[in-house]
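Subject: Handover of the structure and notes on it

Dear colleague,

I am passing on the structure we spoke about, together with my notes. Please look it over before you read what I have written below.

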Amino acid sequence: MEYKTYKNGMIRHGLYNTRIHKIWHSMYCRCYYKSTNGYKNYGGRGIQICDEWKHSQGFINFYNWAIENGYEENLTLDRIDVNGNYEPNNCRWITLKEQSRNRRNNKRITYKNETKTLAEWCDIFKVSNTTFNDRLERGWTIEQALTISTKGYQPKVNKI
């Protein structure tokens, strides 16, 4: 990308109104401006942006990283560790569906020593989230709730 740096440190890159610049700007605002919607979930929790993406050439560095690491118009920026900072080794470009599965409030379930979100397990076993939760409320085990697909089947529930 071509850009011009002025004596006062300002940079003209010609990408101000692009989607990728809006993503970078939103990331910055969520982390550093208390008046920004969502600040409490980012900057308010201590989430920061690495120096490489933050200072005078921050957007240029972010842009170059994004282009080299799979940025596409239909993808969103995601932090792999939801409690980690915005930095190259903790960010990736993924779909909205994938990103919705990397939230702090997701219900995570361990089945056969493997932990996934409820949505992931339900996709694998072709069971709706509602059906799964209803089955658990009726006393079914996680395995029964995920794997039994016979309509009307009522498994034996151990009473406590």
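What follows goes from the overall picture to particular residues, with cut-offs given where a term comes up.

Please bear in mind that this is a predicted model, in which local features need pLDDT of at least 70 and side-chain atom pairs count only at pLDDT 80 or more, while totals for chains, interfaces and linings use all residues. Residues are numbered from 1 along each chain as its sequence is written, and side-chain values use heavy atoms, with hydrogens and water left out.

Confidence and overall make-up

The mean pLDDT (the predictor's confidence in each residue, from 0 to 100) is 85 for the chain, and 81% of the residues score at least 70. Among the elements of the chain, the lowest mean pLDDT, 61, belongs to strand E1 (residues 4-5), and the highest, 96, to H2. Where pLDDT is low, the predicted coordinates should not be read in detail.

The chain holds 7 helices and 6 strands, where helices (H or I, at least four residues) and strands (E, at least two) are DSSP runs numbered from the N terminus. Along the sequence they follow the pattern β-β-α-α-α-β-β-α-β-β-α-α-α. Of the 160 residues, 35% count as buried, a term that stands for under 20% relative accessible area, with exposed meaning over 50% and partly exposed in between (1.4 Å probe, protein chains only). The accessible surface, from the Shrake-Rupley method with a 1.4 Å probe, comes to about 10900 Å², and 46% of that belongs to carbon and sulfur atoms. As for contacts (heavy atoms within 4.5 Å), residues 24 or more positions apart account for 38% of those in the chain with a separation of 6 or more.

Trp-53 is found in helix H2 (residues 51-54) and is buried, with a relative accessible area of 0%. Leaving aside neighbours within four places in sequence, the residues in contact with Trp-53 include Trp-24, Met-27, Phe-59, Phe-62, Trp-65, Tyr-86, Pro-88 and Cys-91. Trp-65 is 12 residues from Trp-53 along the chain, and their C-alpha atoms are separated by 9.3 Å. Trp-65 is also one of the buried residues of helix H3 (residues 58-68), among them Gly-58, Phe-59, Ile-60 and Phe-62. After H3 comes Gly-70, which has a positive phi near 95°.

Salt bridges

A salt bridge here is a side-chain nitrogen of Lys or Arg within 4 Å of a carboxyl oxygen of Asp or Glu, and by this rule the count comes to 3. Within H2, where they lie 3 residues apart, about one turn of the helix, Asp-51 forms a salt bridge with Lys-54, with 3.7 Å between the closest N and O atoms. Asp-51 is exposed at a relative accessible area of 52%, whereas Lys-54 counts as buried at 18%.

The side chains of Asp-78 and Arg-92 also meet in a salt bridge (2.8 Å, N to O). Because Asp-78 lies in strand E3 and Arg-92 in strand E4, this pair ties together parts that are 14 residues apart in sequence. Asp-78 is buried at 4% relative accessibility, while Arg-92 is partly exposed at 32%. The loop between E3 (76-79) and E4 (91-94) contains Asn-90, which counts as buried at 7% relative accessibility and is in contact with residues including Asp-78, Arg-79 and Gly-84.

Strand E5 (residues 108-111) and strand E6 (residues 114-117) pair in the antiparallel sense over 4 bridges, pairing being assigned if DSSP finds at least two bridges between two strands. They form a hairpin with 2 residues between them, and Lys-112 in the turn has a positive phi of about 50°. Lys-116 is the bridge partner of Ile-109, and Lys-116 also forms a salt bridge with Glu-114, at 3.0 Å between the closest N and O atoms. Glu-114 counts as partly exposed, at 39% relative accessibility.

In helix H5 (residues 118-125), the buried residues are Leu-118, Trp-121 and Cys-122. Seen down the axis of H5, they fall within an arc of 100° and so line one face of the helix, the arc being that of the directions from the helix axis to the C-beta atoms. Their cover includes E5, E6, helix H6 (129-137) and helix H7 (142-147). Just after H5, Lys-126 takes a positive phi of about 55°.

With best wishes
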